[in-house]
Amino acid sequence: VRIAQKKVGHILASTAYDEARKRMPLEELLESCVPLHPSTALLLWPLFRSALSQNERSLFSFLNDFSPYGFQDFLTKSELGQSFYHIFDLYDYITFTIGDAVLLSLQARRWAEVSNALNKIEVDAPQLASKIIKIIGLASLFGDRVGIKPTREFLNSIFEDIKAVADATGYLEKKSIIVYRKFDGAFGIWEGSDVDLDLAYNRAQIRSQQGNFAHRLGKLIEFRA
């Protein structure tokens with residue numbers, strides 16, 4: 001357990017947890033949550049307080065669940081202190097235990113996007129591809145409430161293999177399964193839009209420089225006193 005707790009300190013040194021650190025004493029709280037990975041422990045609170053889990057699952061039942069992908073199932077198959085229960089494990093637990101009820105939740109569209117993204121992965125995809133999609137999906141849905149988001153630094157803090165993360169995200173971006181959102185500095189599930197927002201923004205900038213905006217607007221709209 002002490003080895004895992006030391007790993008927690010190393011993980012939390014990542015800049016990916018800077019915002020979460022402003023909101024709560026991470027080291028004090030998350031070292032005691034081993035073998036939950038710090039990122040998983042942070043997401044449990046917003047997840048199990050959401051409409052998704054109401055009348056279905058609670059945090060208490062998750063921690064005591066021997067179902068496939070459940071926390072107790074993980075404990076029986078893992079040597080204590082040698083591995084973490086990750087966000088992708090949590091995703092598998094939710095989809096297994098709640099099933100089709102996920103698609104009846106308030107976040108149904110977002111869950112459908114994650115499911116569709118997973119279905120687009122080909123057999124020759126990098127090993128981490130599906131796990132990264134699951135992490136991006138859950139972190140996008142619930143991470144904002146605790147100050148985390150699916151940045152590259154966040155993914156690196158989970159896998160601690162920069163090259164493997166780069167290979168997987170590169171593949172997913174090339175296949176238009178995920179997209180890197182510059183304005184947010186984080187990855188998101190590709191929603192299938194054909195609009196190139198960067199190109200549209202650059203064109204709008206060029207047009208705005210072709211003349212005074214207020215003057216041009218006045219030609220289009222008749223203002224009345």
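Predicted model: local features only at pLDDT ≥ 70, side-chain atom pairs only at ≥ 80, totals over all residues.
Residues are numbered from 1 along each chain as its sequence is written, and side-chain values use heavy atoms, with hydrogens and water left out.

Confidence is highest in helix H11 (residues 162-174), at a mean of 97, and lowest in helix H12 (residues 197-208), at 51. Helices here are DSSP runs of H or I, at least four residues, numbered from the N terminus. Over residues 193-197 the pLDDT falls below 50, and beyond near neighbours in sequence that stretch has 0 contacts (heavy atoms within 4.5 Å).

Now, the core. The largest nonpolar core has 57 residues: buried (under 20% relative accessible area, 1.4 Å probe, protein chains only) Ala, Val, Leu, Ile, Met, Phe, Trp, Tyr and Cys, joined through side-chain atoms within 4.5 Å. Tyr17, Ile132, Leu138 and Phe154 touch the most other members. Helix H9 (residues 129-142) gives the largest share, 9 residues. Leu138 touches, among others, Leu43, Trp111 and Gly143, leaving aside residues up to four places away in sequence.

Finally, helix H7 (residues 87-97) packs on H9 at about 80°, with axes (lines fitted to C-alpha atoms over the stretch in contact) 8 Å apart. H7 is therefore roughly perpendicular to H9 (65 to 115 degrees). Among the residues making that contact are Ile87 and Tyr91 of H7 and Lys134 and Leu138 of H9.

Notes. pLDDT = per-residue confidence, 0-100. Helix = DSSP H or I, 4+ residues; strand = E, 2+ residues; numbered from the N terminus. Buried < 20%, exposed > 50% of the residue type's maximum accessible area, 1.4 Å probe, protein only. Axes fitted to C-alpha atoms, helices over the stretch in contact; angles between N-to-C directions. Parallel < 35°, antiparallel > 145°, perpendicular 65-115°, else oblique.
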